[in-house]
Amino acid sequence: MTDVTISSLAARSEFIGTVADRMWHAWWREAGEPLATLLGHLRQFKTDAVPLGVVAHRGDEFVGSAILIDSDVEERPQYTPWLAALWVEPEERRKGMGETLSRRIVDEARALGFDRIYLCAVPEKSGYYAARGWTEVERDVGPHKLVIFIRHLDAEPA
């Protein structure tokens, strides 16, 4: 992983199409949302405010991405901000990249002054986050029966 760079998605906008493609196929397509809508959202991302994204890459080769957004679960608008759309290319999985990207989004949230961050996962993926220090808040949320997690940022080192 030493050859992988983590950059702001807004600063490396050439990766927006790839990030949109991965997000659309993984989460948006099934919901019937057009790819163009997602592309429009990602083009509005910032480097120093929510929403923002990070991209892991080796030069021009996409490795993975994650985003920080205001809300990821329609049923829980009171929770903000969210680590969302964590994606690591299949051949790069099980090498720590998901954890690296998650940590970067946590650090971005802390730098923006947030004292907590949320994420959601389908039940079969919830063990991954629990094993990495995320605390379960709720279960069976929404039509996908999501598990909601929180991480308190004030107790962690910067």
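Arg110 is buried, with a relative accessible area of 16%. Buried means under 20% relative accessible area, exposed over 50%, partly exposed in between (1.4 Å probe, protein chains only). Arg110 sits in helix H3, residues 97–111. A polar atom of its side chain lies 3.5 Å from the backbone oxygen of Leu153.

This is a predicted model: local features need pLDDT of at least 70, side-chain atom pairs count only at pLDDT 80 or more, and totals for chains, interfaces and linings use all residues. Residues are numbered from 1 along each chain as its sequence is written, and side-chain values use heavy atoms, without hydrogens and water.

The nonpolar cores (buried Ala, Val, Leu, Ile, Met, Phe, Trp, Tyr and Cys joined through side-chain atoms within 4.5 Å) come next.

The largest has 27 residues, and Leu9, Met23, Leu42, Ile67, Val73, Trp82 and Ile148 have the most contacts inside it.

Helices (H or I, at least four residues) and strands (E, at least two) are DSSP runs, numbered from the N terminus. H1 gives the most to this core, with five residues. A second, separate core of 24 residues includes Val54, Leu83, Trp134 and Leu153.

In H2, the buried residues are Leu38, Leu39 and Leu42. They cover an arc of only 100° around the axis, so they lie on the same side of H2. Ala36 and Arg43 are exposed on the other side of H2.

How values were computed. A polar contact is a pair of N or O atoms within 3.5 Å; within protein, one must be able to donate a hydrogen and the other to accept it, and residues adjacent in sequence count only if both atoms are side-chain atoms. The arc is that of the directions from the helix axis to the C-beta atoms.
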